[in-house]
Amino acid sequence: MNAPVLDIRDLRTVFRVGGRELTAVADLDLSIAPGETVALVGESGSGKSVTSLSVMGLLPRKVGRIDNGTIAFRGKSGAARDLVGMTPEALRQLRGNDMAMVFQEPMTSLNPVYTVGEQIAEPMRIHLGRSRAQAAAAAVQLLADVGIPDPARRARQFPHELSGGMRQRATIAMALACDPKLLIADEPTTALDVTIQAQILDLLAKLQAERGMAMLFVTHNLGVVAEIADRVAVMYAGRIVETGTVDEVFDHPRHPYTQGLLRSVPRLGQATALKRAGTPLPTIAGAVPSLANLPRGCAFAPRCPYAIDACTVAVPPLADTGGGHGSRCIRWPEI
Amino acid sequence: MTTFIARRLAIGLVMLLALSVLVFVLLRLAPGDPIDAYINPSAPLSAEALAALRARLGLDAPLPVQYLGWLRAALTGDLGFSTQRAGVPVLPLVLERIGPTILLMAAGLAIAIVAGISAGILSAVRRNSAADVGLSVLAFTGISSPAFLTALLGLYFFSVRLGWAPSGSMTTPGAAFSVPDLLHHLVLPAVILSIGHAALIMRYMRASLLEVLNQDYVRTARAKGVREFWVIVKHAVRNALLPVITLIGSTIGVAVGGAIFIESVFNWPGMGLLLVSAVSDRDYPVIMGATLVIGAAVIVVNLLTDITYAAVDPRIRVS
């Protein structure tokens, strides 16, 4: 395997809320190789978005900060640099250039008062020193690359004149403008229709293969993970609870939370079978604990069917279950 | 866009017509008889002579007839004669007063817009800092200070005590016209006119920018590596300006009221001063003419506001 583009070690990100510091992400290790797609999966509040914002240096100022850890990033220079402790200006020069991000809401993540073309051209003018005309021409080419018909006309239009799917293609074009080494996609298909979702996933997979980018794909949708990712990291209450290749984790989940998630995914034809049997779709009992009030030991223990006294003593380490597969469950060999 | 402007102009004309009816009726409802103000109080006229004068001036006809007579003449650009200044037609009288009022209002609004928007941006970007708190306190003071108070206080401190600014009129009497002299006379009334508006614009700008700074597209701009200065100025401020433009447009009508007051205090030879003296003299034709011209000006300014809005926000261009 090539040297990783992104190598996060022992990341801990905290938020200051009402005078208290809450740990949003803890003990997080994650590494992505060039051309590889790693999916970060979890429910709302599990810390997956905070992780991506920590990498981008976009944590809300004065509220969120990285408390510990290193984020080694190998950008266009080819040398690995630690993003933690980098000056805001140095980070800004990497953002949109060496690493870029696609956001969840295509409806609101484009600026309504500038044309689509201007917005795609902007990072190239900032980072690559392109002239207005060069950047505008490149923006039209990018719109063509992301599969938008009649790109020259679309570039002159404003975001409100484009459909949701087309806007998301435009934000992808914007993220790819400077040919980044790392693309972070934060729930890029969540706000879209199912048919459009599939198109956007295909597009991302195709562009990634063409450009050899590393991709961090944040989602709560396991179906999407199966389709796009090479490896997956499942997050719960700020920690990765299980990680491994998609095949390994989906076929042999070694953490009760992952098992519960996989069981609760509805399958085609299953609904009628369940209705006939009179059983509801399996769910995970209980609710995600508040970060302000995490249980002792394993955060999942209160909801876990396998929980024993030992689970509440200390946070379980991420145990190697073999073949690059890890589980933060002390009973992983039994389940 | 052309149909939009044409439609707005047509609506404006209807509003002007309604305004003229309203002012006409209100004037006739007000106590007092224009004849009383017209005649020389030291030389009382006989009842017959009064009736004859009333008939000659058309004041004996029924109100609708009086109004239609005025309207017919007004449509040809004839707004009648001042009843107080013998033989002086209303239109040139009003027109020569427009310039000073526009100058005062434009200066006041320009100061209010520049000061209000920059203070609002500073306050929003440095939210909860000492500067933000200070500016907010200042803005609340400004909003709650009526013009009659600030005008008199300003006059007292800056003209009487400090002697920095002249206490009234547009130019130094007797001196040849010069731009520095005009500006010297303009500064104090314009600044005082701007206070309330600057404070209001600042509050709106601050609130609007704080909201915009939380928008997804601002985060997108940061994710693209846009410098923080340009994130604010290029991506956030332009969006935050939209509600502020509406506010500025709608305060211009209010600013006319403020200008009337400030013109009286500073003896500024504009429409306001003309209107105030016409009202106290019951000079009906001048009141009608001045109101109509002010109304027309406000309607045109509101139209310009809508056009500006469309220029800043592409989303409303099509509809």
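A crossing of two helices counts as left-handed if the near helix is turned anticlockwise from the far one by less than a right angle, and as right-handed if clockwise. The legends below describe a predicted model, in which local features need pLDDT of at least 70 and side-chain atom pairs count only at pLDDT 80 or more, while totals for chains, interfaces and linings use all residues. Residues are numbered from 1 along each chain as its sequence is written, and chains are lettered from A and ligands numbered from 1 in the order in which they are written.

**View 1. Helices α5 and α12 of chain B cross in a right-handed sense.** Helix α5 (residues 90-125) of chain B packs on helix α12 (residues 284-312) of chain B at an angle of about 45°, and their axes are 9 Å apart; axes here are lines fitted to C-alpha atoms, for helices over the stretch in contact, and angles run from 0 to 180 degrees between N-to-C directions. This angle makes α5(B) oblique to α12(B), given that angles under 35 degrees count as roughly parallel, over 145 as roughly antiparallel, 65 to 115 as roughly perpendicular and the rest as oblique. On the α5(B) side the contact is made by V90(B), L91(B), L93(B), V94(B) and I98(B), and on the α12(B) side by P285(B), V286(B), G289(B), A290(B) and V293(B), where two residues are in contact if their C-beta atoms, placed from the backbone, lie within 7 Å. By class, the residues of this contact divide into nine nonpolar, one polar and no charged, with Ala, Val, Leu, Ile, Met, Phe, Trp, Tyr, Cys and Pro counted as nonpolar, Asp, Glu, Lys and Arg as charged, and the others, Gly among them, as polar.

**View 2. Chain B is built from twelve helices and zero strands.** Helices (H or I, at least four residues) and strands (E, at least two) are DSSP runs, numbered from the N terminus. The C-alpha trace of chain B spans about 85 × 55 × 35 Å along its principal axes. Of the 319 residues in chain B, 32% are buried; a residue is buried if 20 or more other C-beta atoms lie within 10 Å of its own, exposed if 12 or fewer, and partly exposed in between, with C-beta atoms placed from the backbone. Among contacts in chain B between residues at least 6 apart in sequence, 72% join residues at least 24 apart.

View 3. F261(B) is partly exposed, having 17 other C-beta atoms within 10 Å, and, leaving aside neighbours within four places in sequence, F261(B) is in contact with A147(B), F148(B) and A151(B). The C-alpha atoms of F261(B) and L273(B), which are twelve residues apart along the chain, are separated by 8.1 Å. P64(B), by contrast, is exposed, with 10 other C-beta atoms within 10 Å, and the C-alpha atom of P64(B) is separated by 9.8 Å from that of F24(B), 40 residues apart along the chain.

**View 4. Chain A contributes 24 residues and chain B 18 residues to the contact of the two chains.** On the side of chain A that touches chain B, the elements giving two or more residues are α2 (88-94), β6 (99-102) and α3 (116-127) of chain A. Of these, α3(A) gives the most, with four residues. This side of chain A has twelve nonpolar, eight polar and four charged residues.

**View 5. Domain 1 (6-229) and domain 2 (240-327) divide chain A.** The domain bounds come from an automatic or database domain assignment, and the centres of the two domains of chain A, taken over C-alpha atoms, are separated by 28 Å. Their contact takes twelve residues from domain 1 of chain A and nine residues from domain 2 of chain A. On the domain 1 side, β2 (20-32) and α8 (222-228) of chain A each supply at least two residues, and the largest share, five residues, comes from β2(A). The side of domain 1 of chain A that touches domain 2 of chain A has seven nonpolar, three polar and two charged residues.

**View 6. Helices α1 and α10 of chain A hold buried residues.** Helix α1 (residues 48-56) of chain A is mostly covered, with nine of its nine residues buried, and just after α1(A), G57(A) takes a positive phi of about 70°. In helix α10 (residues 256-263) of chain A, the buried residues include P256(A), Y257(A), T258(A), Q259(A) and L261(A). The buried residues of α10(A) pack against α8, β9 (231-236), β10 (239-245) and α9 (246-251) of chain A.
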